[in-house]
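Here is a short briefing on one protein model. Look at the sequence and the structure first, then work through the points below.

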Amino acid sequence: MASKATEPPSRTGTQSIERAARVLRVLAERGRSGWRISDLAARTGLALGTCHRILEGLVRERMAIHIASNARYAVGPLIAEVAASRPDWVDLPGEMASQLQQL
């Protein structure tokens, strides 16, 4: 009987989510300046076509935006809306109080 090589456990249904999360994390590194798709694919380790399909879905869901003027992608408005729904995560007024007083 031949021995079977040990394979990593199957990630049924989660691979797409993990890849989309990876793209979002990298998008967040550049803020408004965004990424060219080729650079984003290289940074995430995803194939260009895979990265493009993920970005299309993220743009449709408003988690990413495509900046037509420079052909880059950046974090979309839904991410801010989701973050704002959890004000207990960040006390922005408290963190910015000293800067606001200086102004």
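**Salt bridges and their surroundings**

Asp39 is partly exposed, with a relative accessible area of 26%. Its salt-bridge partner is Arg36, and the closest N and O atoms are 2.9 Å apart. Arg36 is partly exposed too, at 40% relative accessible area. Keep in mind that this is a predicted model.

**The other salt bridges**

- The structure holds three salt bridges.
- One of them joins the side chains of Glu29 and Arg43, at 2.9 Å from N to O.
- Glu29 lies in helix 1 and Arg43 in helix 2, so this pair ties together parts that are 14 residues apart in sequence.
- Glu29 has a relative accessible area of 46%, so Glu29 counts as partly exposed.
- Arg43 is also partly exposed, at 48% relative accessibility.
- Arg62 forms a salt bridge with Glu81, and their closest N and O atoms are 2.4 Å apart.
- This pair links distant parts of the chain: Arg62 sits in the loop between helix 3 and strand 2, while Glu81 sits in helix 4 (residues 77-84), 19 residues apart.
- Arg62 is partly exposed at 37% relative accessibility.
- Glu81 is partly exposed at 41%.

**Overall layout**

- The protein has five helices and three strands.
- Read from the N terminus, the order of elements is α-β-α-α-β-β-α-α.
- Of its 103 residues, 22% count as buried.
- The protein exposes about 7,700 Å², and carbon and sulfur atoms supply 57% of that area.
- Among contacts with a separation of 6 or more, 38% come from residues 24 or more positions apart.

**The nonpolar core**

- In soluble globular proteins, nonpolar side chains tend to be buried together.
- Here, the largest nonpolar core has 16 residues, and those touching the most other members are Val23, Leu27, Leu40, Cys51, Ile54, Leu55 and Leu58.
- Helix 1 (15-30), helix 2 (37-44) and helix 3 (48-60) are the elements that give two or more residues to this core.
- Helix 1 gives the largest share, five residues.
- Which residues does Leu55 touch, not counting those up to four places away in sequence? They are Val23, Leu27, Ile37, Leu40 and Tyr73.

**The strand pair**

- Strand 2 (residues 64-67) pairs with strand 3 (residues 72-75) in the antiparallel sense, over four bridges.
- Ile65 has Ala74 in strand 3 as its bridge partner.
- The two strands form a hairpin with four residues between them.
- Ala71, in the turn, has a positive phi of about 55°.

Terms used
Residues are numbered from 1 along each chain as its sequence is written. This is a predicted model: local features need pLDDT of at least 70, side-chain atom pairs count only at pLDDT 80 or more; totals for chains, interfaces and linings use all residues. Side-chain values use heavy atoms; hydrogens and water are left out. Two strands pair if DSSP finds at least two bridges between them. Buried means under 20% relative accessible area, exposed over 50%, partly exposed in between (1.4 Å probe, protein chains only). Contact means heavy atoms within 4.5 Å. Accessible areas come from the Shrake-Rupley method with a 1.4 Å probe; for residues, only the protein chains shown count as cover. A nonpolar core is a set of buried Ala, Val, Leu, Ile, Met, Phe, Trp, Tyr and Cys residues joined through side-chain atoms within 4.5 Å. A salt bridge is a side-chain nitrogen of Lys or Arg within 4 Å of a carboxyl oxygen of Asp or Glu.
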